[in-house]
Amino acid sequence: MEKKVLIIGGGAAGMMSAISAARNNHEVILFEKNEELGKKILITGNGRCNLTNKNLTWENYHGSFPKFASSVISQFDNEKTIQFFEELGLVLVEEDQGRLFPRSQQAQSVVDVLKQELEQLGIQILTRKKIRRVEKIEQQFCITTYQKKKHFGDALIIATGGRTYPKTGSTGDGYRFAESLGHKIIKPFPVSTPFRIKSVVCNKLQGIKIIARLKVYQGEKIISDNTDELLFTHIGLSAPVVLKSSREVSKVLCLNPEAELKCSINFFPEYSQEDLYKLLKKRLVNNPDRNIGNQFLGMLPKKVAPAILRYSRINPEIKSKQLANRTLDRIIKIIMNYELPIDDVLGWDMAQFTAGGVDVREIDSKTMESKLVPNLHFCGEVVDIDGDSGGYNLQWAWSSGFVAGSSI
Ligand SMILES: Cc1cc2nc3c(=O)[nH]c(=O)nc-3n(C[C@H](O)[C@H](O)[C@H](O)COP(=O)(O)OP(=O)(O)OC[C@H]3O[C@@H](n4cnc5c(N)ncnc54)[C@H](O)[C@@H]3O)c2cc1C
């Protein structure tokens, strides 16, 4: 039987759920508080939209129960996503690490083809409609806008996103709606965000990019360990190695804002301690009269060596032949383990994804339907699932949106 389906949120998940519900002949009304649909999609992948990834496993997903994601994604995986968008007319290109983008290099193309399909399916799109309240009154859902207009439907899909980049519209309203209908929320925290570091070193080295291994410690315990590009910024650290590590850091700080965390940078991750010793020793022996400060030229970015020597309390002016072996050992240890205290993560305005959200134990992974309230569905970032960077979060939005819309 055809149902009247109300969808709150015109982002990736909401649009996908609207298309799949309408393709199943339901009457769909899509509510979006912004003037336009898909505002966040436009800023994804630096405006190019990395919409999925060829290499997909459930290990790319996180949350209290990450396997929930695999059950959902197996119903609408990356291959189905590619086919879906190609059928809508989007031409895709694959880049490094399996990441897929529109060939136009414009996220706008993704929004355009989705909007075209929504229109073709006759979906009613109500923009500038910010939903204030959701209720279940007997068998019907009633949603009320800030303009105090009430809309009734047989099914409700909450696709309001998480809390990151609130200017795009995702301000966490969905958590309040879910709670008002009896659902539990796993405390959200920002993921994929730069670090604020309590040290002037970052400011001095700002702009330097290097491949490094970054370990994060809480006390003696290593809570993350990644190797990738590292960037020094005026207030701390950024780039992929930091964004990858930020989930664990954010999680700890979300539970205990006073937690003491430090990171250790290995500027030469591809070398063992012995190999690095041999490399440096050879340079010292070949150029015994060269200042130790100049021995690192061509080996590390120019500004990094003074920072390392300052940390090791070694005068960069001393001649290489005067350097004791144990001092060389100390330098090597610092090149491989340069410690900095983490002050904080940059938070909701700078984070890309939200971890936490609607507790998946109260959602059926086959349908994305609430186990507590019949005909209530959730999809996208509002749910307690987050993915790695590389197109995995949008894949989650497409998969969960498709499953929610097609199972009504
Ligand atoms: C800078 C940045 C770059 C990113 N790059 C990538 C990338 O390249 N690849 C990738 O996979 N992921 C990327 N992501 C993550 C990805 O954008 C999100 O995971 C995805 O867009 C979530 O989709 P969603 O539909 O669940 O939520 P959203 O896209 O946030 O959509 C939710 C919608 O609901 C609307 N809404 C909220 N509350 C209400 C209300 N009360 N009434 C009416 N409407 C409401 C909002 O206005 C919004 O339009 C990036 C994120 C950011 C911030």
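This is a predicted model: local features need pLDDT of at least 70, side-chain atom pairs count only at pLDDT 80 or more; totals for chains, interfaces and linings use all residues.
**View 1. The chain comes to 11 helices and 23 strands.** Helices (H or I, at least four residues) and strands (E, at least two) are DSSP runs, numbered from the N terminus. The C-alpha atoms fill a box of roughly 85 × 45 × 35 Å, taken along the principal axes. Of the 408 residues, 45% count as buried, a term that applies if 20 or more other C-beta atoms, placed from the backbone, lie within 10 Å of the residue's own.

**View 2. The ligand is surrounded by 39 residues.** A residue is counted here if its C-beta atom, placed from the backbone, lies within 6 Å of the molecule. The closest are G9, G11, G161, G169 and G380, and the largest share of the shell, 4 residues, comes from α11. By class, the shell divides into 14 nonpolar, 18 polar and 7 charged residues, where Ala, Val, Leu, Ile, Met, Phe, Trp, Tyr, Cys and Pro count as nonpolar, Asp, Glu, Lys and Arg as charged, and the others, Gly among them, as polar.

**View 3. Helices α1 and α11 pack at an angle of about 35°, with their axes 7 Å apart.** The axes are lines fitted to C-alpha atoms over the stretch in contact, and angles run from 0 to 180 degrees between N-to-C directions. The crossing of α1 and α11 is right-handed, meaning that the near helix is turned clockwise from the far one by less than a right angle. Residues of α1, including M16 and I19, meet residues of α11, including W398 and F402, with contact taken as C-beta atoms, placed from the backbone, within 7 Å. This contact has 11 nonpolar, 7 polar and no charged residues.

**View 4. G293 lies in the loop between α8 (273–286) and α9 (304–311).** G293 counts as partly exposed because 17 other C-beta atoms lie within 10 Å, a number between the limits of 12 or fewer for exposed and 20 or more for buried. Leaving aside residues up to four places away in sequence, G293 touches A305, P306, L309, P316 and E317.

Terms used. Residues are numbered from 1 along each chain as its sequence is written. Two residues are in contact if their C-beta atoms, placed from the backbone, lie within 7 Å.
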